[in-house]
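Here is a briefing on one structure.

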Amino acid sequence: MLFVGRHIRKTFGQRRVLDLERFALEPGRIHGLLGPNGAGKTTLLHILSFLDRPTSGTLFYDGQPVDFQSQNQLRRLRREVILVDQHPILFTTSVEANVGYGLKVRGVPKTKRRRLVEQSLELVGMRKFLQARAWRLSGGETQRVALARALACSPRVLCLDEPTASVDVEHQIALERIVQDIHAETGMTIILCTHDQRLAAKLVQNTLYLFDGRASRSLYENVFSGQVLTGEDGVSQCQLGANLSLPVSCDDATHLKISLNPKALELLEGAAEPHPDSRYWPGRITQISDAGKHIRFQVDVGLPINVLYKKATPELDKWWIGRETVLRIPSRAVHIL
Amino acid sequence: MLFVGRHIRKTFGQRRVLDLERFALEPGRIHGLLGPNGAGKTTLLHILSFLDRPTSGTLFYDGQPVDFQSQNQLRRLRREVILVDQHPILFTTSVEANVGYGLKVRGVPKTKRRRLVEQSLELVGMRKFLQARAWRLSGGETQRVALARALACSPRVLCLDEPTASVDVEHQIALERIVQDIHAETGMTIILCTHDQRLAAKLVQNTLYLFDGRASRSLYENVFSGQVLTGEDGVSQCQLGANLSLPVSCDDATHLKISLNPKALELLEGAAEPHPDSRYWPGRITQISDAGKHIRFQVDVGLPINVLYKKATPELDKWWIGRETVLRIPSRAVHIL
Amino acid sequence: MQFFLDSLRSAFLLIREMDPELLTIVGVSLKVSMSSTALAALFGIPVGFAVAMARFPGRRGVITVFNTLLAVPTVVIGLFVYTFISRRGILGSLDLLYTQKAIIIGQTLLVLPIVATFTISALSRIDTRYRKAALTLGANTWQTAVLVLREARYGIGAAVVAAFGRAIAEIGVAMMLGGNARGFTRTMTTAMALEYDKGEFVLAVALGVVLLSISLAVNIILNLCQGRLEK
Amino acid sequence: MQFFLDSLRSAFLLIREMDPELLTIVGVSLKVSMSSTALAALFGIPVGFAVAMARFPGRRGVITVFNTLLAVPTVVIGLFVYTFISRRGILGSLDLLYTQKAIIIGQTLLVLPIVATFTISALSRIDTRYRKAALTLGANTWQTAVLVLREARYGIGAAVVAAFGRAIAEIGVAMMLGGNARGFTRTMTTAMALEYDKGEFVLAVALGVVLLSISLAVNIILNLCQGRLEK
Amino acid sequence: QDKVLKMSTTTSTQASGLLDVLLPAFKKDTGISVKVIAKGTGAAIRDGQDGNVDVIFVHAKNREQAFVEEGYGTKRYAVMHNDFVIIGPNGDPAGIKGMSDAQKALENIADAGAPFISRGDDSGTHTKEQILWKSSDVALEEITKTIVKKGSKTELTFVQPAQEGDTWYFSIGQGMGKTITFAEEKQAYTMADRGTYLKYKLGRDAGLDLTVLCEGDEDLYNPYGVIPVNPDRYPHVQYDLAKQFAQWLVSERGQSLIANYKLLGKQLFYPDAMPNVN
Ligand SMILES: Nc1ncnc2c1ncn2[C@@H]1O[C@H](COP(=O)(O)OP(=O)(O)OP(=O)(O)O)[C@@H](O)[C@H]1O
Ligand SMILES: Nc1ncnc2c1ncn2[C@@H]1O[C@H](COP(=O)(O)OP(=O)(O)OP(=O)(O)O)[C@@H](O)[C@H]1O
Ligand SMILES: [Mg+2]
Ligand SMILES: [Mg+2]
């Protein structure tokens with residue numbers, strides 16, 4: 001295992017934003033670190049790249065516990081793990097100097113450095129900005145240069161925090177490719193935070209899903225916040241959209257986050273005989289996409305909800321775009337986060 | 001017309017990053033400002049929200065030319081147009097004070113202000129962060145608070161620069177909803193920059209596509225950079241992916257951006273009789289989605305390419321996920337940007 | 001070493017006995033240097049703000065001039081003010097020379113460039129996005145200024161603290177314009193200079209220690225205020 | 001007004017005649033204040049950096065102490081150094097007193113807190129992301145420091161300029177430790193103080209004008225250097 | 001209503017502690033408090049010329065007389081004198097110990113090339129020193145500066161022994177105390193007023209490593225005068241108070257206080273208005 005965390009906690013003031021009992025990240029894989037805003041993804045990435053220390057707990061890297069007090073050890077470790085920040089900052093020099101920085105501090109000679117810099121800029125399509133003033137670049141350009149800056153150092157582990165957030169469509173595809181290629185060629189371990197489900201679906205091999213600082217088993221699909229209302233019959237309902245509600249058994253909260261397991265959901269043709277354990281929401285198919293062994297349907301029931309079916313399932317192709325359907329939500333599909 | 005621009009240009013140093021002969025934005029609509037990184041979107045938004053002056057040219061707002069020298073006029077106009085920045089900055093105060101700022105400078109009394117602040121925070125799902133230190137929030141939280149800060153002022157025009165870049169899936173959907181609802185309720189004019197095609201497709205009513213600072217007629221789909229290679233036969237080919245190329249007539253450039261009109265592309269079953277004017281790329285269907293009057297197919301030919309078919313087209317449903325196809329690219333579908 | 005021990009003990013004695021003369025001197029020093037710091041802040045911060053924010057030709061020239069004014073010797077300021085307020089000067093009839101007001105005027109001029117320069121330097125580091133955010137939310141020039149100054153509060157605080165330090169520690173202006181008149185315009189520093197002139201080195205350093213204690217106290221108070229602001 | 005015109009014309013005369021004594025004085029002033037500024041930068045910037053970047057208990061206390069040290073009067077520094085380097089002091093055998101070296105030592109101590117405090121203030125405004133970016137790219141402590149200092153170069157530049165201004169304009173230390181010996185340790189400011197004591201106000205201000213011209217020249221040069229850095 | 005008199009004086013009167021005896025007594029007798037502005041002789045006289053004070057109390061007889069002649073002051077009251085001494089290192093390299101002829105002593109110092117510290121600040125002491133050099137047979141150089149005053153060029157001159165080869169004459173432009181300290185540090189000769197010398201010799205724990213080598217010459221007398229500023233020139237000055245102060249100083253009361261002022265057991269000042277007061 002490359003990274004193992006035991007009881008990793010991070011507290012800011014009163015608030016505990018990270019609280020992971022145990023996690024382990026294998027080397028040579030693309031790990032997805034997913035979760036809603038404020039889940040602690042960035043915080044964890046900063047710890048994994050040795051830029052921040054956990055408030056308590058032990059982080060093992062390559063089997064060795066990391067001593068966050070020892071600047072020497074940290075410096076050595078940081079040479080292996082590079083973080084590309086969510087809002088990366090470029091130094092107030094040229095793009096070339098920025099991308100060459102990691103190489104320069106590693107003592108790479110000038111000519112070789114120049115070649116490597118040009119190569120990585122070429123990769124992200126920013127070659128012609130070599131001499132531009134880095135701190136004046138546009139949002140997406142900045143993000144791409146920051147990625148190039150990390151790639152130039154060929155680290156062992158690359159932590160990417162929302163690498164495509166402001167990147168244009170063309171380069172989103174390109175970056176996806178780059179990450180895939182580099183991973184395939186060099187076996188670099190990649191830890192990726194993203195809210196882009198397509199990117200995650202395409203790249204991620206292992207997923208660590210964070211919710212409220214804790215690891216969660218959800219698949220980070222179909223996550224919605226809802227308001228808990230207790231009806232006259234004493235049954236609590238979680239109100240999701242305008243007229244969607246689910247019965248929930250937890251009644252001490254007024255607000256809940258709920259996730260619906262996309263593999264446990266079912267598409268029905270018209271109203272079937274109602275099962276007391278299920279909810280039935282009418283909707284329309286809006287998107288069908290390839291999800292490896294599965295096919296993902298997006299059903300618009302007021303909220304867009306993803307449903308996964310095994311590709312082998314018979315008669316799937318009747319669910320064409322625009323087709324009316326009834327979504328069956330068995331209670332076992334509902335997870336309260 | 002709400003905004004009319006004539007010969008709007010913006011130069012930074014030697015570089016002209018914006019050069020628009022003429023554009024006009026109608027009031028009460030959702031305008032999409034699309035284009036690749038560095039196209040000048042942010043630059044234009046800053047001009048439209050009166051935060052930056054064009055190097056030359058005249059901007060008309062509500063039929064009146066804007067005098068960028070007159071601080072008084074600018075101040076008055078800025079009260080009507082609010083920009084939510086690409087990387088919004090929150091003041092180093094509480095979230096409440098941040099969101100209330102626009103109201104405070106407008107002289108809204110305290111109690112009313114508090115109510116409005118809570119309302120807008122509720123909208124973006126950040127109500128419980130009312131007292132949090134705004135400058136410590138996570139990426140997505142920051143973006144949502146910044147949106148709430150703008151919404152609280154109920155401006156006449158709202159300029160949104162990548163409003164969902166780091167926002168989680170749940171809130172992306174929510175924001176989409178909010179924008180739609182507000183627009184429907186108040187008729188607020190919205191100018192939206194985004195790289196999220198789904199969001200753009202869903203919300204945008206009029207599109208202004210920018211490329212290299214100039215307005216372009218492309219639809220901002222299927223945009224790729226390619227390298228121009230001139231073969232032995234003297235015909236220039238634009239190399240797109242590993243083994244995809246298109247003949248191009250322009251030969252003075254070594255790098256090109258090309259856009260393929262998704263409505264001019266065709267899906268074929270197996271190799272048809274080759275037409276000299278077309279290219280044929282084999283691929284597989286990976287995604288099918290609803291695009292209003294059209295259905296959008298995503299075909300993986302090495303690059304993901306979008307194809308739009310009218311919904312009424314017969315026998316569309318044979319193009320199921322995973323199905324092999326041949327993509328026909330007639331030369332009229334190819335635009336050099 | 002004996003010398004420093006003596007000085008420290010003398011300083012301690014001076015403080016413990018609450019020598020009334022010492023109290024007067026301390027009072028004059030504090031009053032004068034605080035007033036001049038306040039005045040300098042009142043004028044220097046807006047000036048610094050204007051220079052930092054405005055974009056006009058010759059802006060760098062103005063900054064260079066301010067930097068140069070950091071090097072105005074107290075003698076020049078002393079004589080400059082002297083020329084105006086001495087009996088023969090334009091303001092002679094106001095009878096300002098050798099009063100605390102005269103010291104305040106001189107020290108204000110002395111520390112004004114400090115406040116202005118460091119305000120400029122603090123503001124120029126503030127991201128322009130703060131300004132733009134305030135503007136787009138509808139703030140007028142004044143409100144924007146307040147906001148940006150708030151964001152730069154640590155830097156500006158440092159400038160004001162430095163100005164205070166300079167004012168309370170300076171001798172030239174206090175001596176030339178105040179005249180070191182016992183009970184009227186004798187400040188800690190002019191008192192020190194006098195003791196030094198008399199050869200009473202121990203007493204001079206003891207007064208210096210008292211001065212430093214007082215300015216430490218002032219700084220601790222400022223620091224606490226800043227701590228509260230931060231919340 | 002006559003007085004200022006006289007002073008300006010005298011300053012002009014002094015400069016035009018290239019009075020050899022004036023040249024010596026200017027030379028001493030520049031040498032001494034530049035040396036002490038350089039030394040103060042050499043020690044003050046690293047100290048400021050360490051305080052700004054480190055997170056240790058009592059850090060705010062340290063900053064408060066630095067702020068307080070801004071208010072150390074020249075008499076105290078003068079006497080402090082005097083005690084060490086006078087013939088009776090520990091370093092008496094080095095025969096430093098009343099040499100330019102003595103002034104340099106004293107002025108270095110005087111402006112060190114200025115450099116340190118404003119370095120702290122400039123650095124604390126620098127986004128921690130710069131530091132983290134350098135660290136994650138593999139920079140060691142030293143390389144990170146260089147990078148962060150580079151990002152804070154305007155603020156630190158302002159600190160050094162202020163320190164130079166303070167050094168070249170200060171009188172107390174130069175007088176007490178240098179002794180104002182004509183041809184050896186007479187600086188522009190001690191020469192001015194002397195002329196003032198003599199009642200030769202015109203000459204005093206004329207010297208002040210010369211001093212300001214020189215420090216303007218120095219600042220213009222610094223500004224040009226900074227302009228080149230910016231590119 | 002407090003009566004406050006403004007007085008400019010030289011630092012020596014203040015530093016010697018004499019004023020601390022005189023002014024409280026004066027206040028007790030007349031109810032007038034005195035606001036003392038102590039500075040260099042030149043600056044103190046200048047204060048009077050500019051009308052910034054009501055009275056001046058200095059020691060530079062020629063310039064005081066000029067001050068009265070030019071109409072700035074009404075009258076010079078001769079108050080007291082003290083005397084200068086030539087002090088030097090115990091080793092006495094110039095061999096002037098015991099001499100009473102100041103001029104001769106200086107010549108010896110110049111001949112020996114022994115270091116000599118001059119105040120060089122145009123003070124009374126410096127003026128006196130220059131007079132002594134001028135009357136000696138030591139080769140002198142005249143130093144001239146041209147400045148502009150009231151729109152026309154004026155020359156400022158002073159003299160000092162010509163330096164050839166090694167420098168031995170240091171002009172430091174500082175007050176008496178600092179000059180003595182400087183001389184001690186450099187183990188040099190200097191001319192000092194007796195009050196300051198005694199203070200440095202006996203008034204401090206560390207003492208002073210210099211001794212009096214030449215004293216008693218009439219030429220070394222150092223007279224102090226007090227002059228009220230002329231109300232004809234500056235109507236705002238408090239001439240009545242100033243005159244009262246001057247007259248009080250030359251009265252028996254003032255003179256006896258001066259005669260009886262002792263620093264460390266030694267008399268410092270000798271009354272001039274009533275030399276025989278007890
Ligand atoms: N320095 C800090 N002080 C206080 N709270 C903080 C600090 N840094 C982060 N937080 C809080 O910790 C939580 C987790 O932050 P983090 O940046 O790790 O979220 P994230 O998962 O990266 O979210 P996003 O998807 O929005 O980037 C957030 O709610 C944030 O407000
Ligand atoms: N102040 C500046 N100085 C120099 N060049 C600038 C400046 N601001 C922007 N540019 C350049 O102008 C171009 C347009 O920038 P702009 O921020 O408008 O792009 P954008 O369309 O918003 O891109 P993105 O999608 O990446 O946000 C970019 O190539 C950028 O490098
Ligand atoms: Mg994050
Ligand atoms: Mg942008």
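**Interface of chains D and C**

In this predicted model, six residue pairs are in polar contact between chain D and chain C, both residues at pLDDT 80 or more. A polar contact is a pair of N or O atoms within 3.5 Å; within protein, one must be able to donate a hydrogen and the other to accept it, and residues adjacent in sequence count only if both atoms are side-chain atoms.

- α11(D) gives the most to the side of chain D that touches chain C, with 14 residues. Helices are DSSP runs (H or I, at least four residues), numbered from the N terminus.
- That side of chain D holds 35 nonpolar, 15 polar and five charged residues. Ala, Val, Leu, Ile, Met, Phe, Trp, Tyr, Cys and Pro count as nonpolar, Asp, Glu, Lys and Arg as charged, and the others, Gly among them, as polar.
- Salt bridges between chain D and chain C number zero (a side-chain nitrogen of Lys or Arg within 4 Å of a carboxyl oxygen of Asp or Glu).

- Thr42(A) is partly exposed, at 24% relative accessible area. Gln86(A) is buried, at 9%. Buried means under 20%, exposed over 50%, partly exposed in between (1.4 Å probe, protein chains only).

**Conventions**

- Residues are numbered from 1 along each chain as its sequence is written. Chains are lettered from A and ligands numbered from 1 in the order in which they are written.

Terms used: Predicted model: local features only at pLDDT ≥ 70, side-chain atom pairs only at ≥ 80, totals over all residues. Heavy atoms only, no water. Helix = DSSP H or I, 4+ residues; strand = E, 2+ residues; numbered from the N terminus.
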